[in-house]
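Biologist: Please show the structure, so that its side-chain contacts may be discussed in turn.

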Amino acid sequence: MLEELKIVSIVVTFNGEKWIDRCFGSLTSSQISNHTILAIDNNSNDNTANLLKSNFPNVILIETGENLGFGKANNIGLKWALENNADHIFLLNQDAWVSNETLKSLIQISLNNPVYGILSPIHMNDEKTIDSEFLKYCYLNLKTEFTFDSLLKKPFKSIYETEFINAAAWLITKECLQNNGGFMPIFPHYGEDGNYCERVINSGLKIGFTPGLTVIHDRDVKARKLSYGKKFNRLYIFLLGVFTSINATDISSSF
């Protein structure tokens with residue numbers, strides 16, 4: 001049955017030349033058939049677009065001509081996926097990559113557990129240790145069964161339910177996308193995934209992560225320093241999240 005499914009992977013790129021080979025190489029090497037890969041480029045001014053054209057000619061490159069941000073750019077790919085009858089859509093950050101079997105295994109877990117609208121692997125950093133941001137919302141918050149199974153050294157289940165996972169590596173079902181549309185375009189960058197997770201849960205679907213599978217997300221959280229402007233932007237995004245919280249049910253403008 002998996003071989004009959006249509007899979008669309010979407011990567012939003014912006015000045016990501018140092019990750020292109022690892023990110024798109026991992027997708028093109030994934031052990032699945034009927035797999036279309038979209039790159040939505042946000043007007044990169046480095047060699048990103050040229051690398052995609054020369055090294056990955058089978059990837060469909062859509063050049064936006066401007067920096068639309070994460071949500072709006074992904075919406076271009078999500079709309080394409082819906083119009084082309086995709087069964088599952090995989091969102092992957094440009095600074096992330098998966099092993100050959102990860103996507104195939106993730107899709108099989110999704111088929112076995114259709115109540116989950118979004119599934120994600122465990123997020124690791126490039127040093128092969130668990131991503132610190134991932135720990136915050138899936139491990140250290142003491143809200144998931146995963147925490148207690150870890151502490152008690154129990155065998156892990158194939159899926160653990162959670163209220164949020166960032167969109168660095170999301171497998172989205174067709175039902176989830178049809179029910180919830182795309183990201184709210186009001187979010188410039190960050191916050192759009194939190195809002196989307198709220199809407200998914202409100203629609204009756206679940207969000208989960210899969211301990212048996214991993215994605216490498218190459219980001220250095222410790223190196224981030226918030227300037228005044230970035231602090232103001234974080235406050236702005238927080239307030240957007242409050243004002244657009246789940247009581248807002250009209251998602252017709254998502255696309």
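The questions below concern salt bridges and aromatic pairs.

Modeller: This is a predicted model, in which local features need pLDDT of at least 70 and side-chain atom pairs count only at pLDDT 80 or more, while totals for chains, interfaces and linings use all residues. Residues are numbered from 1 along each chain as its sequence is written, and side-chain values use heavy atoms, with hydrogens and water left out.

Biologist: How many salt bridges does the structure hold?

Modeller: Side chains of opposite charge can pair when their charged atoms come close. A salt bridge requires a side-chain nitrogen of Lys or Arg within 4 Å of a carboxyl oxygen of Asp or Glu. The number of salt bridges in the structure is two.

Biologist: Which residue forms a salt bridge with E63?

Modeller: The closest N and O atoms of this pair are 3.4 Å apart. E63 lies in strand β3 (residues 60-63) and its partner in helix α2 (residues 48-55), so the pair ties together parts ten residues apart in sequence; helices (H or I, at least four residues) and strands (E, at least two) are DSSP runs, numbered from the N terminus. The partner of E63 is K53.

Biologist: Is K206 exposed or partly exposed?

Modeller: Buried means under 20% relative accessible area, exposed over 50%, and partly exposed in between (1.4 Å probe, protein chains only). K206 has 30% relative accessibility, and therefore counts as partly exposed.

Biologist: How many aromatic pairs does the structure hold?

Modeller: Rings of Phe, Tyr and Trp (its six-membered ring) pair if their centres lie within 6.5 Å; planes under 30 degrees apart count as stacked, over 60 as edge-to-face and the rest as tilted. F70, W170, F183 and Y196 form one aromatic cluster. The number of aromatic pairs is seven.
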